[in-house]
Amino acid sequence: MSFASNVGPQWLDAQYNLWLEDPNQVPADWRGFFEGYKLGQQRDSSGGDNQDRRPAAVQTLIRRYREIGHLLACVDPLSPCSFDHPQLRLEAFGLNNTDLKCEFAPADFILPRAKLGQIIEILQQTYCRSIGVEFMHIPNPVERQWLQERMESRRNNPHLAIDVQLAIFRKLQEATSFERFLHKKFLGQKRFSLEGGESVIALLEHLIRRGNRRGLKHIIIGMAHRGRLNVLANIFGKPLENIFAEFKDNSEYQVVGEGDVKYHKGFSGDRSFSDGSSIRISLASNPSHLEAVDPVVEGKSRARQDEIGPGGPQQVLPLLIHGDAAFAGQGVVAETLNLSALEGYGTGGTLHVVINNQIGFTTLPADSRSTCYPTDIAKMLATPIFHVHGDDPEALLQAAILALDFRQKFGRDVVIEVTCFRRHGHNEGDEPFFTQPLMYEIIKNHPPAADIYYQQLCDQGITTETLDQIRNEVESELEAALKRPEKKLPEAFQHKWQGVLRDFSLEPVETGVPAEKLAELGHIITHIPDSFTPHKKIAGLMQRRLNQIINGEKIDWGTGEALAFSSLLAEGKTIRLSGQDSRRGTFNHRHATLVDMKTAGRLTPLEEVARQNNSRFHVYNSSLSEFGVLGFEYGYSVENPHGLIIWEAQFGDFANGAQVIIDQFISSSGTKWERFSALTMLLPHGYEGQGPEHSSARIERYLQLCAANNMQVVNPTTPAQLFHLFRRQLHQPFRRPLIVFTPKGMLRHPLCISRIDDFTTGHFKNIIADELPNKGIERLLFCSGRIYYDLLQYRQQQKITNTAIIRVEQLYPLDTTQLQAALKGYGKKIPCRWIQEEIANGGAWMHIRDELSEQLGRPLEYIGRKLSASTAVGSHLKHNEEQQDIITQAFKA
């Protein structure tokens with residue numbers, strides 16, 4: 001069925017014709033509509049009056065309330081409720097007040113017969129009170145019917161018991177008192193208060209409790225800084241004394257040790273319940289880049305689901321808490337939503353809670369979005385969206401029940417928008433009256449949700465003594481916690497991270513694999529069943545790959561990579577590789593997944609190695625996204641420290657679309673949050689005349705981010721080096737991100753090959769010395785990456801014997817031990833040059849020159865492209881001229 005927004009005359013005619021052929025071809029609500037319409041036609045032709053058209057009009061009225069009743073919903077605490085909408089007036093349907101007492105038998109309604117007045121009352125109670133619902137745009141009639149029945153049968157009212165109401169009040173009071181206490185005791189400090197949206201705490205508490213009853217074992221939460229401290233205290237149970245200690249110790253700079261501000265930090269813990277059950281809840285650390293954590297949470301959730309196996313999505317829930325301005329304004333939201341139904345990235349549905357403060361910093365909605373609601377972007381997934389009054393915690397609980405149950409049943413995203421306000425400015429030192437005087441005049445006089453609910457419960461007959469006791473208990477606990485010493489919290493390296501070392505080391509790790517094992521794996525990874533029809537060129541490729549392994553000669557890049565993957569899988573390791581063309585490989589070298597020429601079926605030979613060794617191999621072509629997908633893979637890697645998790649850029653410079661993830665998570669999460677990752681990034685790099693956007697992977701940007709051994713930045717030049725590099729990533733005792741600049745044209749370079757002996761012993765070489773004898777060497781050339789082969793070929797062609805070439809395979813951390821070993825035997829005064837094909841203000845030069853010069857004990861001369869605002873020229877002819885000039889100058893006396 002088409003979306004409601006697309007209902008027009010042509011569509012309506014088509015549906016009517018389907019109904020005429022067979023009424024069961026259209027949904028029940030439309031069957032009722034057409035039956036009424038047909039009856040009206042019959043009465044008209046027999047002299048009946050317009051009164052006989054009323055059943056169809058009533059059916060249309062019911063449908064319209066379901067479609068746009070949310071426009072009449074009372075969900076804004078700062079605005080008066082509206083009770084009228086022109087499209088919902090009786091006259092809009094050809095009805096009038098006299099019809100209210102008439103009885104009708106509408107199709108697809110909770111009552112078989114009812115007076116029109118009663119029908120409208122049920123619809124208004126369901127769709128026009130504290131919950132407005134958008135669900136008629138959902139194309140699946142089963143999902144729509146499921147929601148409709150559960151909402152209309154209860155009028156969207158949860159009908160809570162008194163003990164549940166008292167529990168709600170306690171959470172509201174905890175949220176309110178916590179913020180007031182911080183404001184009083186730590187005056188002027190930033191905390192990004194939740195005040196105005198305290199009901200979110202009651203919502204989250206109910207989601208966790210209901211999730212536990214619905215079989216969830218893990219809830220992974222991502223949120224920005226607003227309200228984070230409140231969530232940590234009142235949902236996660238982070239000791240109040242620890243939170244207060246952070247305020248005391250950092251009153252000037254708001255920084256905790258060498259880490260991050262307290263409202264960016266994450267936390268994990270187990271929530272236990274009276275029946276003995278428990279649920280693991282985790283809050284992901286997040287920088288100030290509001291929505292950047294969204295794909296990270298999705299990746300973390302998918303990793304846990306994959307670890308569980310079948311049924312994983314039913315046990316692990318990603319829960320994202322957004323701000324209204326960020327949800328509508330930041331592009332990573334759309335990228336993350338788009339991942340939800342993709343094979344390699346789906347998580348069985350995400351529950352989104354949008355805290356609508358009705359302002360973003362100082363910007364009002366009219367200036368920050370072009371849509372009616374901040375949640376409209378979620379309609380791209382045809383998700384149900386609940387708009388809820390932020391001062392009505394019982395309505396929020398009803399929305400939570402519906403949202404969580406829908407997610408568990410249908411495995412799709414759901415959105416709850418909490419329409420509330422922000423009591424203070426963007427932070428507690430900001431003056432909101434400067435820019436929103438009218439709004440903040442209303443807010444100034446608006447009571448907290450806890451006070452409103454207090455009065456509501458009193459009106460129901462609950463005594464003030466009962467409520468005051470709860471209030472006093474909450475406030476007494478805050479005072480007591482202020483006096484208690486800070487508690488020692490669990491170390492960061494727990495659970496699956498146990499045994500992983502914090503400290504980095506350059507100590508070589510032996511990663512060779514016996515030739516017999518490689519031959520065995522070679523047969524598996526090149527085998528194509530008789531029932532499968534590959535492209536003839538792919539069949540030839542697989543045969544050549546097997547011959548390389550068996551003969552032990554001319555092993556190319558693709559084969560070296562396949563041997564690395566298969567050898568790790570044979571050890572029981574998990575491998576996950578994703579990117580925009582990762583199954584085939586952008587440059588046609590990998591072919592991890594083959595396609596049947598007759599059936600279009602897929603075959604992934606590496607999966608057979610995984611099957612035989614109880615390991616997992618996943619390779620996915622991703623959406624055309626860098627920010628979202630790289631964030632996802634980073635999150636996955638944090639949850640899977642013993643797997644090789646790889647994100648591959650289509651071209652290396654395309655990674656700049658994910659710079660926030662690189663800057664704020666990959667390069668710095670260990671320092672800021674003690675959250676390490678072994679994520680591997682493959683970034684195709686090399687100057688081959690393809691212009692500014694397809695040459696440089698921006699080596700300089702990664703080196704600029706390097707400090708304190710936070711990452712490994714590598715530019716390998718042989719298939720065997722790649723083999724040992726991938727294996728080292730999992731065999732070394734610590735975990736750090738690995739940035740690999742991978743080749744393009746070098747994939748098939750006749751000199752870029754390895755022998756089988758290079759795979760069977762040894763380790764990744766951070767520095768590769770020249771094979772020329774030391775005697776007679778008059779200059780040393782240092783380089784990294786693809787340009788080595790240009791230098792080598794020129795030296796061979798010109799029969800130059802007085803110039804040695806030393807390859808720096810690992811640019812960071814620079815292995816000074818291996819460097820000194822490579823320099824051994826060369827004279828101390830031999831001129832040294834750094835050769836690179838990148839521009840002078842790019843590549844490794846400006847980041848490696850000082851350290852390399854210090855190790856050499858003399859200055860380095862630079863040979864490479866000049867300073868430039870663009871990474872490369874657009875002309876292929878000009879490129880060749882520049883490249884030849886670099887090579888010639890490198891050997892010039």
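Predicted model: local features only at pLDDT ≥ 70, side-chain atom pairs only at ≥ 80, totals over all residues.
1. Start with the eight-stranded sheet. This open sheet runs in the order β3-β9-β10-β8-β7-β4-β6-β5, and its pairing is mixed. At the edges you will find β3 (131–134) and β5 (267–272); each has a single partner strand, so one side of each has no neighbour in the sheet. From one strand to the next, the twist averages 20°.

2. Now look at one pair inside that sheet. Strand β4 (residues 218–223) and strand β6 (residues 278–283) are joined by four bridges and pair in the parallel sense. Which residue of β6 is the bridge partner of Ile219? The partner is Ile281.

3. Helix α7 (residues 199–213) lies across β4, β5, β6, β7 (316–323), β8 (351–356) and β10 (414–419), and runs at about 135° to β6. Helix α10 lies across β4, β6 and β7, at about 175° to β7.

4. Next comes the nonpolar interior. In soluble globular proteins, nonpolar side chains tend to be buried together. The largest nonpolar core here has 86 residues, and those touching the most other members are Phe178, Ile219, Phe244, Leu351, Phe386 and Ile416. Helix α15 (residues 393–410) gives the largest share of this core, with eight residues. Another core, of 65 residues, lies apart from it, and its members include Ala292, Ile699, Tyr812 and Ala822.

5. Setting aside neighbours within four places in sequence, Phe244 is in contact with Phe178, Phe181, Leu182, Phe186, Leu478, Ala481 and Leu482.

6. Follow α10 to its meeting with another helix. The axes of α10 (residues 293–308) and α23 (residues 627–639) come within 6 Å and cross at roughly 45°. The crossing is right-handed. Among the residues making the contact are Pro295, Val296 and Gly299 of α10, together with Phe627, Gly628 and Gly631 of α23.

7. Helix α24 (residues 659–666) has a buried set made up of Ile661, Ile662, Gln664, Phe665 and Ile666. These buried residues pack against α10, α23, α25 (669–673), β16 (680–684) and α26 (699–704).

8. Strand β23 (residues 832–839) runs parallel to β24, joined to it by four bridges. Ile835 stands opposite Ile863 in β24.

9. Finally, check some backbone details. The peptide bond from Tyr812 to Pro813 is cis, with omega near -10°, and Pro813 sits in the loop between β22 (810–812) and α30 (816–823). Asn156 has a positive phi, near 55°, in a residue other than glycine. Is Asn156 buried or exposed? Asn156 is buried, because its relative accessible area of 4% is under 20%. Asn709 also has a positive phi, of about 55°, but Asn709 is partly exposed, with a relative accessible area of 29%. Asn709 lies in the loop between α26 and β17 (712–714).

Note on methods: Residues numbered from 1 in each chain as written. Heavy atoms only, no water. Pairing = 2+ DSSP bridges. Helix = DSSP H or I, 4+ residues; strand = E, 2+ residues; numbered from the N terminus. Core = buried A, V, L, I, M, F, W, Y, C linked by side-chain atoms within 4.5 Å. Buried < 20%, exposed > 50% of the residue type's maximum accessible area, 1.4 Å probe, protein only. Contact = heavy atoms within 4.5 Å. Axes fitted to C-alpha atoms, helices over the stretch in contact; angles between N-to-C directions. Left-handed = near helix turned anticlockwise from the far one by under 90°.
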